[in-house]
Amino acid sequence: NDSFTVAATKSGRVLIESPTSLLPNALVDYGSIPSSADILSSFQAYAVIGLVNLCCGRYVLIATDRVLAATVQSHKIWQIKAGEAVRVGLQPSMDKLQNHHETLARYSLDQELLKDLLEIVNSGQLYFSPSYDMTHSLQHNNFAYNINPSATLVDDRYFFNRHLMQPLLDLVSPSNRVPWIAKIICGYAGAIDISLQTSPSDAAKIYTVALISRLSTARLGTRYIRRGLDFEGNAANSVEMEQIIRGSAPVVWAQQRDMKYHPSLIIADLEKIEVWAAVEAHLSDLRSQYTGDKSVPNGQDSGRVLCVNLLNDDGPESKLSKAYEKAIQHFPVSKWCRNMNYSNMSVLVGRVNDSLVNRPVPSIAPRSSSSVPPYKASFKVSKIQTGVARVSCLDSLDRTNITSTTNPNPTSSTTTTTNATVSEIAFLETALDSPVSTTRLTNLWSDSGDSISLLYAGTRALRSDVTRTGKRQWISGTLADGINSLTRFYLNNLQDGRKQDAFDLWTGKVAHKDQIWEAFQARAEKRAAWIESPVLVKGKGVVGNVVPGLVIDAVEPLLQETRGFVGEVVDIHVVARLKAVHEFGNRQFGHLGKKVGTGSIRTCGEFLVSAIKIYAPEKVNGLVQFSTAMIALFYIGVFTKLFGVKADAVENRIINELMLD
């Protein structure tokens, strides 16, 4: 059992059990081991995810539940299923919370932000291994730990909890080992076993085929909020799968959310110096990771970055596709796969294999030593990957998934890590091409696609019937796609704001507590005011004694929104009246009217949208939630059109995104 205890004491200390004994966490202080009477709470943990600083305190995020996702060369890969946030330091006293408005606002904001951060922890899309560095590909691990990487770039872009883990990383030194560092990826990890018997007289051998998909932290975000490249060349929704990189179309572009099913595309002019520099930086970065290595004796820079454009060349995507054509190999799915004929995807796979496979370059095969981590073992290098396929469609989800699953046989990829002999590889290729193995491999790729889609768009991938079976199931497949498409539209327009804020906090885009407070102060103080001055109080007054508590809990937010809106309207009318009565009103009250008119006062439409969103579900996991979400979406759509409500008033995002000029 490799779990350990995390304990919070009544004095505010947090202690994390070391492999040998219970020692004070260096993040807090050093001191004596507390008695059991001093322990306030304790958890059995499997990994420390990191430390987060919020407005009212610091918290240690830990993984408290896990399941085995795969075993690769004796290294166990675990999927995190649940986590907790353990406060470092004493909580504010009840007296301070009741009598100090800002403390209450900061504390309630912390609880809200922790809930959103724990949504990421509990999503089922975080993976770690105690003995294997999953944040790098097998080849990059080999370069980093065994040979001189030379021109190959190996960095921490897939180390998903890198920012949260920084306080622990800062403690590492040659004389100070920190045993709680867990290098976590976000995405997917899975494996299948293939049994191979080369002759009737030989015992069967088991070969493991593993798939690891790593989501980059460089431009982390949700579907409509993070698109294309930033000006440093980082692509949104960028995922590494050893030989394949999938990511948003590598030009600088965005979509203007306007409650339309197909939001308008905004594409930056490639003739602008900074825009073209972003494209060049992106392609140069890919080359430096996958095609520039000179570490192997007589190695050649013979690889290439093959960009595969799956965007349609007509309709709403045509402008984006044309902007992409200068740097890519174009494969318009709408033409090649007309009438759902996805068997033609084999044409594209043939193009990719011809460019990246069977090149006269080296590959990696570990020497026999199952007890040593592969990234620290002695390697016999016979081949390395010197090229990469970079695949994009509009979302880099559904068409990209079909492309990845069309030919999932790993022996056709550029790098195969195996101890098999040449003759065994031939038998292995035959075994992998069998109907049973092909189905299992396809499901492995499809599960990965679903996981990435849930992270970026909020639902499983569309056309999953095609990715898993190769055929379109016209009734069940079309119905499932319709439900997922409507769910995406709802989540991406109404609920992704908070998810994006959580991603930005997770990766340190907004890191300092003063920055967080500045960004969220208005929302936090509004919530604190609600707590301090409820409209209805359970057990008090006639209404509080007559109306059931559950009903009061349900209607209180609506009453608070209504009271706030009425107060705003009254305030603006009072200011206007004072202006009319007093000649000096423009000097005395002009600044107040300007402030109210530009930000504080909501329109009637914005109030109605806010009222509906109170009862709109944050997640859509079943028929009841889906039905409620669609009703909320319908009325919000009506009010946005009727009153001209802008998208910023519909979404619930706080941290501003850098907008395109």
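## Ile-402 and helix 9

Ile-402 is found in helix 9, where helices (H or I, at least four residues) and strands (E, at least two) are DSSP runs numbered from the N terminus. At 4% relative accessibility, Ile-402 counts as buried; buried means under 20% relative accessible area, exposed over 50%, and partly exposed in between (1.4 Å probe, protein chains only). Ile-402 is 43 residues from Trp-445 in sequence, and the two C-alpha atoms are 9.2 Å apart in space.

This is a predicted model, in which local features need pLDDT of at least 70 and side-chain atom pairs count only at pLDDT 80 or more, while totals for chains, interfaces and linings use all residues. Residues are numbered from 1 along each chain as its sequence is written, and side-chain values use heavy atoms, with hydrogens and water left out.

## The protein as a whole

The secondary structure of the protein comes to 20 helices and 19 strands. Of its 661 residues, 49% are buried. Taking contacts with a separation of 6 or more, 67% join residues 24 or more positions apart; contact means heavy atoms within 4.5 Å.

Helix 2 covers residues 101-121, and its 21 residues should span 30 Å at 1.5 Å a residue. The expected span is 1.5 Å times one less than the number of residues. The end C-alpha atoms of helix 2 are 30 Å apart, in agreement with that value. Helix 2 is mostly covered, with 16 of its 21 residues buried.

Two packed helices are described by the angle between their axes and the distance between the axes. The axes of helix 2 and helix 13 come within 9 Å and cross at roughly 85°. Axes are lines fitted to C-alpha atoms, for helices over the stretch in contact, and angles run from 0 to 180 degrees between N-to-C directions. Helix 2 and helix 13 are therefore roughly perpendicular to each other. Angles under 35 degrees count as roughly parallel, over 145 as roughly antiparallel, 65 to 115 as roughly perpendicular and the rest as oblique. On the helix 2 side, the residues that meet helix 13 include Glu-112, Lys-115 and Asp-116. Their partners in helix 13 include Arg-498, Phe-503 and Trp-506.

## Helix 19 and its two partners

Helix 13 (residues 476-506) also packs with helix 19 (residues 623-643): their axes come within 10 Å and cross at roughly 60°. Helix 13 and helix 19 are therefore oblique to each other. The crossing is left-handed; a crossing is left-handed if the near helix is turned anticlockwise from the far one by less than a right angle, and right-handed if clockwise. In helix 13, Ile-483, Leu-486, Thr-487, Phe-489, Tyr-490 and Leu-494 take part, and in helix 19 they meet Phe-626, Ala-629, Met-630, Leu-633 and Ile-636.

Helix 18 (residues 604-614) and helix 19 have axes that come within 9 Å and cross at roughly 175°. The two are therefore roughly antiparallel to each other. Helix 18 contributes Cys-604, Gly-605, Leu-608, Val-609, Ile-612 and Lys-613 to the contact, while helix 19 contributes Ala-632, Tyr-635, Ile-636, Phe-639, Thr-640 and Phe-643. Cys-604 is partly exposed, with a relative accessible area of 39%.

Ser-248 sits in the loop between strand 12 (244-246) and strand 13 (253-256). Ser-248 is buried, with a relative accessible area of 2%. Not counting residues up to four places away in sequence, Ser-248 touches several residues, among them Arg-227, Asn-237, Trp-253, Arg-390 and Ser-396.

Ser-396 is in the loop between strand 19 (388-392) and helix 9 (398-406). At 0% relative accessibility, Ser-396 counts as buried. The phi angle of Ser-396 is near 55°, a positive value in a residue other than glycine. Met-259, in the loop between strand 13 and strand 14 (264-267), has a phi near 65°, also positive in a residue other than glycine. Met-259 is buried, at 12% relative accessible area.

## Lys-205 and the cysteines

Lys-205 lies in strand 10 (residues 205-215) and is partly exposed, with a relative accessible area of 42%. Lys-205 and Asp-193 are twelve residues apart in sequence, and 9.8 Å separates their C-alpha atoms.

A disulfide is a pair of cysteine sulfur atoms within 2.5 Å, and by this rule the count is zero. Cys-56 is in no disulfide; the nearest cysteine sulfur, that of Cys-55, is 8.2 Å away. Cys-56 is buried, with a relative accessible area of 15%.
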